[in-house]
Each structure stands twice: as C-alpha cells, then as structure tokens.
Amino acid sequence: PIITSEGEILTIKEIFEKYNGEVAMIKGNEEWTKPKKEIKLLSLDLKDNKIKPEQVKYLYRQKTRNPYHEVILKTGRKIKTSTEHPFFTLRDGIIKTIKVTELKKGDNVLIPRNLNIESNNLLEYDDELVNESREVIKEIIRRKRLYEQVKNSGNNKTIRELINSMNEEDKNLIKTYDKTSPRYIEFEEETLNEYHYSKSKQFGQVSRVKKPVAVTKELARIMAVLIAEGSINKSYVYLTMKEQDIPIMFIKDLEKILELRPKLLYDDKRKQYRVAFRSDAMIKLLKSLGWNPHNKAGSKEIPQFIIKADEEIIKEFLKTYYECDGTVSRDCVKVTTKSEKIANSIAYLLLRKGLVARINHERTKTRIGKYSYDGKFYNLRLYGAELQTFYEMIGFLTKEKNDKLKNLIRSNEKMKTDLIPGMQLLVRQIRKNLGITHKQFYELTGMHAHNIENSNNALMISRSRLKRITNNLLTEDLLLNQLKTILGGDFYCDTIKENNEVKTGKDYYLYDFSMKENHSFIAGFGGIISHNTQSALLEAMQERNVTIGKETYELPKPFFVMATENPLESSGVYFLPEAQVDRFLFKILMDYPKIGEEQQIMKRNMTLVKFEEFKVQAVLTPQEIIKMQELVKDIYLSKEIEKYIVDIVAMTRSKDATEYGKYVELGCSPRASIGIFIASKAEALLNGRNYVIPKDIKKVAYDVMRHRIILNYLAQSEKITAENVIKAILDKVEIP
C-alpha cells in the first residue's frame, strides 16, 4: 500500500489503474505512462528532512519473473521490493542510500514518524450506486402529485373519472390513497434530495436516511463503532456491549447524522446492552461512499472518506476505535484487529499524529461470553514517551481508561523509543569544535560526555536527549546545524529484522513511480520511506551495457560515464552509495578559472556566439581512441612499480601509517590499485614512453584516490582533505 498526499491509502496496482493515462514509452516488457490527472505522493525532502507532497511525473510497470525481496522491520512494518531498489539509512549523521541486496539484519532504515496530508472532509458518492435513490425520489414526487389530485378532486364522480384514465398500478394506488396516507406523502419535496433512499417491496415502506455532505465527528464515531464492535447481516445492524456508554453515544450520533432512531435494549440474561435495527438506506448509503459493510472481521477496512479527513475527524475516529478495541496494559497502549487492512490504516493514521506503532501479528485467545477461540490478530502497541503524545493527541472516550493511561505514563516517562544510531562521534566532534570540556558539557546538558560519546557503546541515543544537547549548545557550528536538521526530520530509524529473497517462478507486474524532484515515496505495510532504483547507472558503469526488461543492449565503444558534484546547493541531492562512487576511475577537482581564461569565457559565451562559430572539430575518431586503449595495455610496468602502487593504497587503510591516519574512516578499495595501475600506463603513453615511472604514479594517484578515501567527522571539523592524506602517504612510501 501507498499513501497519497490526500491521505488516500491504495495499493500501487490500484494507483496505476486509477491514474494510468497516455503512454509515454514502451520498451520490451516495460511501460511508462503519464498520469491522466495530477497525483501527488508523500516524499522525503533531503533539504530539511521533512516529508512533503511530491508530484508523480510517470507511472511505471514491468512484467517480470525476477526474484524480489520482502523486508520486515523491527516495528512490524514490511515491504516487497525489487532487487534494485535502495532504502534510506542514517550513517554517522548522514542520510545515505543502500540497496536492498546489501541490507543486513540490524541495519537501520528510515520510516516516517510524522505525516501531514492535504485533508478533505467532503463526501463523494458513487454516481452509479445513487441511481436507485434518484429513481425513488422521482417516484415519490410522482406519487405525491397523484395523491394531491385525488385529495383535491372534490367528489366520488371526479375520482372515478380520474381512475378510469389511469393504468392498473395507479388505479390500485388511488384506492390505497382513499383509505390511508403513506409515510412518503409527508416528505417535503424541497428536502427530498437531502436524503438517501432505498427501494422496498412495499413502496409505502420506502427506507431513507439523511445524506451527509461532509464527514463529521459523529459520522467518524459511527464508523469506528461499526468497524470495531458492530455486526451487519444484510440490512440488519447489531451492537452488543457490556457497558451502555458506547451504545448510547451510537444511538445519539445515528439520530443526529442519519435521522435514524433505534432503541437501546438490555439483555438481562446476558447482562449486555444491545442496539438492533434495520436500514436498507443506511447500508446502501455506506456502499455508495465506497465502504463494504458486509466484509468479515479479517477483511474489514476503514473507509477512505475517514482516512482522507482532517485531524479533528481522525482524532475522533481513533479515540472511539481505541475505546472499543483498545486497552491500557501494564507497559503500553494496545489496539487489536483481525484485519491486516485495518492494522495498516491505523498505523498510517497514527503517523499523522506523530506516533510510530509497533505492529505484531500473533496468535491470541479471545473470549466472547461463554465461547473462546484462538486466532491470529494484529496488535498495534505504543510505548514510552509516545504514551504522553497519545494522551494529548487522541486519548480515550471514558474517564476510566484515561485515568489508567495517566498512571501508565507516570510509570514509563523515562522510557525512550525514538532512538537514533551512530551519533556518538558526531556529538564528540561538535563538543570539540565548540571547545567544551567534559565538565562544561555536564553543566550545560546534565549528561556525561563520556557516556554519550563512547563509540563502543552499542546503544542508540534518544532524540529527546540529543535535543537537550542542541538546545543548550547555542554557538553556531556546521556539525551542530547538521545534527539539528536530523533531529527536526520527519523520519524514525527502524531496524531490519528480516530480508528475504523470494523467487516466484512466474510472471508478475513490478510497479514504480518517477517523481518530479524528490525520488522517494511512503509505501509498504505500516509505512516505509521507499527510494527509486539507480541500477541503470551502475550497470552502465560496470558491465558496459543497459538492460531494458529482459533485453540487454551493449553500449557503444568507447563509452564512459561523467558526473558532476557541486559542493554548493547539494541539499536534496541523493548521495551515491560508496560502491557506486568506487566505480568512477577519476575524481577531478575544478577550481575557478584564471583571470585570462575567465575573460575568454565572458567574451565567447553562447548568448553572443553561435555554437557553429566555434568550429569545433574532432581530433580523434572512436576507432583511434580504441586503438590507443589497446596500446595502453602494452605499456611496461615493473614489479617494483607494482609493489609501489600496492604500498600506497594499503597505507590508506592504516590508522598509524601517517599523522593523517586518524582522519580516515575507510581507506581505498582494491579498485584504487587497479585504477592507478591502468591510469599510470596511460600517463606514460601520453608522455611518449612505453614504460611507467614513479612520477606517473604520483601524477594520477590524487585523481584515482581522492573519492575512495572516506574521511571522518574529525577531518571535517579540522578541515582536513583527502589531498592531505594522499600527500602524506606519497611522501612516506619509499620510491623504487
């Protein structure tokens, strides 16, 4: 399931079928289409780490039988995804992406912790399903006119003449009017369209209910009671409860919203309160609003008109639902349902209140009166600090349950559930940047620095503790601002519980979206921040081909990938995974142009000079470049030079190799050795030699290694660059 910016929760297939418009492109078994009307999903914006509406540019569908992954998180959330899709993860205070195939048990991934939607309380009725109501209204108007004719005819002779001019059905109707006045005769014609009607075998017993225009708190409570406690058989509605508060509220809401007036009954034998009534019109009205009242317990769902409603309506619905099916246990607030759809919808609704539920699907023994049975139920639990949020944002209807909740809050106020991993080193670096001692840190925050900063401490730090730090450190600092952005983000760090590859052996449709700017959306059972795939770039760089569906196309030769990385305005840009960055041979730094060069750029810019006037000419053909690539392979490189290359690369992985070793988080991979080996041969060829010398190694080492050396926070704070590390290594390694 996926949540739209309007709060609607649909499967990705339902979205494709609902919005599928003009075909933009078809390649093999892949299909890109433009939405036939605007659709926005909720997307993570990395500029400020907030979740915002984002427009879908294209819908994507591919028929495949490739394996997929089913990922299950510690909070019970789960998602099915292709092997190419990445997830968001938080590593050392930086949001990065990681492919699903690389996710291991215990890794963290980002899920939403707060959702803001573009709510709408107006009700939309299915035009086809309200046709019956329209037909009934027309017939009521016709019969009222006929009734008036009869009553205004004056004498029996006129009535007989009137009867003789009519068909058999109307003749019988007039005879009825002469004896009695049917209920619908009392309906005011001006207000007929304010009601929803249902046909009856006896038209005089036509059923109707008031037709709401918008979702109200009363309607939200009615739906919560029907879903949680109600039983519907054909047109009969039943409600049975031990206490009378909910049934009384239910009756009052039915009368106010639908103008139904059922009675409250008491079963003295079973010691239960009962509400039982029949209303064809109410059942058909609910169906025309898109809700099926006859679904069994395991397939019940919350109607979309509730899910799309504003925060006050959501609060009232959840408050009532929790009062019916929720409980306050010894350590949490829990709500139970047999329906997976309801569990998913409640999880999303709670996210709109800033609450991340833990979802379990477990076997539970249930007792109803004298009967008991075992069944699997979904339990959504809230713990720790979330209990206070639940009390403030939702709560229960009755004082009894609210009092229990307040007692639970007092006994669990120190329990923190919103934990953020890998913050120890970042906090330590912030403290050092600001020149704060351990004693000063304790005086400012009330926390011991050595406990918070211990990198060997496997425990995560809670968001609230980190906020205490940022609230008390008022000096401007780059890393401090980075931490504040993380803490203000709309994400929660969940943990991988299972990551299973599933092989289907049969065709299925794989769906995806192309977003306008931020390439992510909220999807999956319970809500996970899902990212689009980057496999095409990876395949082009490594395998020198691109796969579309089941067909693989070889890229032209020579072929290479160029990418730009702007040090400014990089917010909102997704970092490439380290494995993908490692596949670039060179990272070349481009500084500002020299004065003379900038003068030439200014005079020869494209607004003044046409491209044709530059008379750009090829200096080499593709075939000549390929021939030079073959020549590079024949350039001689001695065993001494080979060892020189390996010694240089190996030294990047040693903390004690140079005075800059302490600044390196990760050293170069073997690709660096391969890159220097190949690039030094090319450098020798360009200098007219058929052999490599140490000078060639030093010349290419910076470009090959600078993007492969990953620096830590200490390096950032002390403005140490990869160039400093490389120079120290080249100065230290003995030249052959």
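Reply: Let us begin with burial, as the later cases rely on it. A residue is called buried when its relative accessible area is under 20%, exposed when that area is over 50%, and partly exposed in between. Please keep in mind that this is a predicted model.

Me: Is Asp253 buried or exposed?

Reply: Asp253 has a relative accessible area of 5%, so it is buried.

Me: What does the side chain of Lys217 meet in a salt bridge?

Reply: Glu312 is the partner, at 3.8 Å from N to O. This pair also connects distant parts of the chain: Lys217 is in helix H5 (residues 217-228) and Glu312 is in helix H9 (residues 311-325), 95 residues apart. Lys217 counts as partly exposed because its relative accessibility is 36%, and Glu312, at 43%, falls in that class as well.

Me: Where in the chain are Asp403 and Lys399, and how are they separated?

Reply: Both are in helix H12 (residues 399-412), and being four residues apart, they are separated by about one helical turn. Lys399 is exposed, with a relative accessible area of 61%, whereas Asp403 is partly exposed at 26%. Salt bridges may also share partners, and in this way Asp45, Lys47, Asp48 and Lys52 are joined into one network.

Me: How many salt bridges does the count give?

Reply: The count is 40 salt bridges.

Me: Turning to helix packing, at what angle do the axes of H22 and H24 cross?

Reply: The axes of helix H22 (residues 639-651) and helix H24 (residues 694-705) cross at roughly 30 degrees and come within 11 Å. Angles under 35 degrees count as roughly parallel, so H22 and H24 are roughly parallel to each other. Their crossing is right-handed.

Me: Which residues meet in this contact?

Reply: From H22 come Ile641, Tyr644, Ile645 and Ile648, which meet Pro694, Ile697, Lys698 and Met705 of H24. By class, the contact of H22 with H24 comprises seven nonpolar, no polar and one charged residues.

Key. Residues numbered from 1 in each chain as written. Predicted model: local features only at pLDDT ≥ 70, side-chain atom pairs only at ≥ 80, totals over all residues. Heavy atoms only, no water. Salt bridge = Lys/Arg side-chain N within 4 Å of Asp/Glu carboxyl O. Helix = DSSP H or I, 4+ residues; strand = E, 2+ residues; numbered from the N terminus. Buried < 20%, exposed > 50% of the residue type's maximum accessible area, 1.4 Å probe, protein only. Axes fitted to C-alpha atoms, helices over the stretch in contact; angles between N-to-C directions. Parallel < 35°, antiparallel > 145°, perpendicular 65-115°, else oblique. Left-handed = near helix turned anticlockwise from the far one by under 90°. Contact = heavy atoms within 4.5 Å. Nonpolar A, V, L, I, M, F, W, Y, C, P; charged D, E, K, R; others polar.
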